[in-house]
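Look at the model below before you read on. The report starts with its pockets, then turns to its helices and strands.

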Amino acid sequence: MSEQLTLSAEARDRAGKGASRALRREGRVPAVIYGNNQDPQSIHVEEKLLNKLLGTGHFFNSVIMVEVGGKAVRTLAKDVAFHPVSDRPLHADFLRVSEHATVSVNVPVRFENEDAAPGLKKGGVLNVVRHDIELVVDAAEIPEDVVVDLSGFEVGDSIHISAVTLPKGAKTAIDDRDFTIATIVAPSALKSSEGDTTKEGEAEAE
């Protein structure tokens, strides 16, 4: 299960671009907590701490307890706006969720048993079509990743979601097709003798 993160925040009384710019000069990032049938709450967080959480790699698929005025609010991060040049965070949006609410989150894909894939042993290349998968899960049971077992796959094979064992209680947000997660394509050296399977993989992915 994905770990729970904590983010300290302070209430933001003033709104507007001028107030936001003043906060950023002080190393703070304006943000808002919304949802769960409650009024939006304007807050600001420390830029360094926000960057630290962003650097964990699972900021957007973990429950984040935002602590405001001594009270912890259970949230999911929904969006962070960045400066186009400096890449500094400019604003963040957090969605309130109850402990066992059903939520949609993008969970990263992790591939294992590459040494048990005949296609990769022959020199084939793993072509990842989806680096993450949107899952519908209990907010208290968000998985850290979705594991894809590559055992037995050959050059030219496509790995579909139906071949993946999802974490307990999770289901995919896309439920109308057996979508492709990855393909095993022939390396350039093999394409002339075995045919270009890259196009097959791309067609499968569409």
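## The pockets

A pocket is found on a 1 Å grid over the protein atoms alone: it is an open set of points where a 1.4 Å probe fits, with protein on both sides within 12 Å along at least five of seven lines, and lining residues have an atom within 4 Å of a point. A volume is the space filled by probe spheres set on the points, which are joined across faces, edges and corners. This is a predicted model, in which local features need pLDDT of at least 70, side-chain atom pairs count only at pLDDT 80 or more, and totals for chains, interfaces and linings use all residues. Residues are numbered from 1 along each chain as its sequence is written, and side-chain values use heavy atoms, with hydrogens and water left out.

The second largest pocket holds about 170 Å³ of space. Its lining includes Ile 33, Asn 36, Met 65, Lys 71, Arg 74 and Arg 96. Strands here are DSSP runs of E, at least two residues long, and helices are runs of H or I of at least four; both are numbered from the N terminus. β3, β4 (63-68) and β5 each give at least two residues to this lining. The largest share, four residues, comes from β5. By type, the lining has six nonpolar, three polar and three charged residues. Ala, Val, Leu, Ile, Met, Phe, Trp, Tyr, Cys and Pro count as nonpolar; Asp, Glu, Lys and Arg count as charged; the others, Gly among them, count as polar.

The largest pocket holds about 300 Å³. Sixteen residues line the largest pocket, and Phe 60, Asn 61, Val 105, Asn 106 and Asp 132 lie nearest its centre. β5 (71-82), β7 (102-112) and β9 (132-138) each supply at least two lining residues. β7 gives the largest share, four residues. The lining of the largest pocket has seven nonpolar, six polar and three charged residues.

## The whole protein

The protein has five helices and 13 strands. Of its 206 residues, 40% count as buried. Buried means under 20% relative accessible area, exposed over 50%, and partly exposed in between, with a 1.4 Å probe and protein chains only. Take the contacts (heavy atoms within 4.5 Å) between residues at least 6 apart in sequence: 66% of them join residues at least 24 apart.

Which residues of helix α1 (residues 17-25) are buried? They are Ala 19, Ser 20 and Leu 23. These residues cover an arc of only 100° around the axis, so they sit on the same side of α1. The arc is that of the directions from the helix axis to the C-beta atoms. The face turned away carries the exposed residues Lys 17 and Arg 25. The buried residues of α1 pack against β2 and β3. Just after α1, Gly 27 has a positive phi of about 80°.

In helix α2 (residues 47-54), Glu 47, Leu 50 and Leu 53 are buried. They line one face of α2, because they fall within an arc of 125° seen down its axis. Lys 48 and Lys 52 are exposed on the other side. The buried residues of α2 pack against β1 (5-11), β2 (28-35), β3 (38-46) and β6 (89-96).

## Strand partners

Two strands pair if DSSP finds at least two bridges between them. β2 and β3 run antiparallel, joined by seven bridges. Arg 28 has Glu 46 in β3 as its bridge partner. β2 and β3 form a hairpin with two residues between them, and Asn 36 in the turn has a positive phi of about 60°. β1 and β3 also run antiparallel, with three bridges. Ala 9 stands opposite Val 45 in β3.
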